[in-house]
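Have the sequence and the 3D view open side by side. The tour below goes helix by helix and ring by ring.

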Amino acid sequence: RTAVKWLREASKKGVEPAMVRLGVILMHGEGDTDKDLEEAQRFLSKAYSNGNKDAAFHLGILYLTKEKKAVEERAVGANGVSEGEEYKKEAMRFFNFAAERGHKEALAWVKKEFAQNT
């Protein structure tokens, strides 16, 4: 809990690596920290808004998590489109952003998606 406390303090001061690490901890519920996708998304989005490629990659993973849940629940958005499809589009947008900035894992996701759709 001490590490999470320090990460929160650093995040409040705008330290992007702290925002990303805290977002990942919250996304997965690491250690004795509860899983909280909404809070994880807030921290990752803040770092992403500053152009952070690692935050973009982890937002992509977060949106794939949302996509999986939406598909399992067969959720449909207000526009009649599957929420899973919408989340997947968002995930790929984040992966593309990170890949364009040299994030190797994001590039692997983009290549995988391209290969599946060609």
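This is a predicted model: local features need pLDDT of at least 70, side-chain atom pairs count only at pLDDT 80 or more; totals for chains, interfaces and linings use all residues.

Residues are numbered from 1 along each chain as its sequence is written, and side-chain values use heavy atoms, leaving out hydrogens and water.

Let's start with α3, which covers residues 37–48. Helices here are DSSP runs (H or I, at least four residues), numbered from the N terminus.

Which residues of α3 are buried? They are Glu39, Ala40, Gln41, Phe43, Leu44, Ala47 and Tyr48. Buried means under 20% relative accessible area, exposed means over 50%, and partly exposed is in between (1.4 Å probe, protein chains only). The cover over the buried residues of α3 includes α1, α2, α4 (53–73) and α5 (83–100).

The largest nonpolar core has 33 residues, and Tyr48 and Phe95 have the most contacts inside it. Helices α1, α2, α3, α4, α5 and α6 (104–116) each supply at least two residues of this core. Such a core is a set of buried Ala, Val, Leu, Ile, Met, Phe, Trp, Tyr and Cys residues joined through side-chain atoms within 4.5 Å. Leaving aside residues up to four places away in sequence, Tyr48 touches Ala55, Ala56, Leu59, Arg93, Phe94 and Phe97, where contact means heavy atoms within 4.5 Å.

Now for the rings. A search of the whole structure finds 6 aromatic pairs. Rings of Phe, Tyr and Trp (its six-membered ring) pair if their centres lie within 6.5 Å; planes under 30 degrees apart count as stacked, over 60 as edge-to-face and the rest as tilted. Two of the pairs are set out here.

| Pair | Centre to centre | Between planes | Type |
|---|---|---|---|
| Tyr48 and Phe97 | 4.9 Å | 70 degrees | edge-to-face |
| Phe57 and Phe95 | 5.7 Å | 45 degrees | tilted |

Tyr48 is in α3 and Phe97 in α5, so their pair ties together parts 49 residues apart in sequence. Phe57, in α4, and Phe95, in α5, are 38 residues apart. Phe57 is buried at 5% relative accessibility, and Phe95 is buried at 0%. Ring pairs also link Tyr48, Tyr63, Tyr87, Phe94 and Phe97 into a cluster.

Finally, a look elsewhere. Ser11, in α1 (residues 2–12), is buried at 2% relative accessibility. A polar atom of the Ser11 side chain lies 2.8 Å from the backbone oxygen of Leu7. Lys13, in the loop between α1 and α2, is exposed at 69%. Its C-alpha atom is separated by 26 Å from that of Phe95.

Definitions and conventions:
A polar contact is a pair of N or O atoms within 3.5 Å; within protein, one must be able to donate a hydrogen and the other to accept it, and residues adjacent in sequence count only if both atoms are side-chain atoms.
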